[in-house]
Each structure stands twice: as structure tokens, then as C-alpha cells.
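Could you help me learn to read a protein sheet? I would like to go step by step.

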Amino acid sequence: MKIGDLVAWTQYASEWSDGPDAGSYAGIVTRVIAPTRRKRSRARVEVLDKDGTFIVGRRNVEVISESR
């Protein structure tokens, strides 16, 4: 996953109570945040959509179109 990729919501993200539908458009990756040295830190991504930007775990989104 890299900056400029289009991403969609995964099945994992859709399992939350008010979660989005699996496979629906999530946005464009604007930043990839590497995990820190903290015990339970995981990689995250910042996604830009029509409502603004948000940060989500990499397990919640999947690439549907790669930037070149």
C-alpha cells in the first residue's frame, strides 16, 4: 500500500456494528504510518475521502487500484 492508491473497506471492517459494506470505496491513501516501537503498535494509513481525512488500520482497507 502506498500514497495515491485507491482503497476499499475489507470484510473485517464491515463486521463492526455500524461499519461500511465490504468492498465499498473508502478513499485515497495520503500517508502510510509505520508502527512505533510500542508493544501493540501496528501500521496505519491516512485516507482522504469526500468528508475529509481519517486514520485507519491497514487491516480495515485493501487496495483496489494502485497508483503508478
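Q: What should I know before starting?
A: This is a predicted model, where local features need pLDDT of at least 70, side-chain atom pairs count only at pLDDT 80 or more, and totals for chains, interfaces and linings use all residues. Residues are numbered from 1 along each chain as its sequence is written, and side-chain values use heavy atoms, leaving out hydrogens and water.

Q: In what order do the strands of the open sheet lie?
A: Strands of a sheet pair through backbone hydrogen bonds, either parallel or antiparallel. Strands are DSSP runs (E, at least two residues), numbered from the N terminus, and two strands pair if DSSP finds at least two bridges between them. Here 5 strands take the order 4-3-2-1-5, with antiparallel pairing. Strand 4 (52–57) and strand 5 (61–65) are at the edges with a single partner strand each, so one side of each has no neighbour in the sheet.

Q: How many bridges join strand 3 to strand 4?
A: These antiparallel strands share 6 bridges, and they form a hairpin with 2 residues between them. Arg44 has Gly57 in strand 4 as its bridge partner. Strand 2 (residues 25–33) also pairs antiparallel with strand 3 (residues 44–49), over 5 bridges, and there Val29 stands opposite Val47.

Q: Is Asn60 buried or exposed?
A: Buried means under 20% relative accessible area, exposed over 50%, and partly exposed in between, using a 1.4 Å probe and protein chains only. Asn60, in the loop between strand 4 and strand 5, is buried at 15%.

Q: Which residues does Asn60 touch?
A: Contact means heavy atoms within 4.5 Å. Leaving aside residues up to four places away in sequence, Asn60 touches Ala8, Trp9, Thr10, Tyr12 and Ala13.

Conventions: Helices (H or I, at least four residues) and strands (E, at least two) are DSSP runs, numbered from the N terminus.
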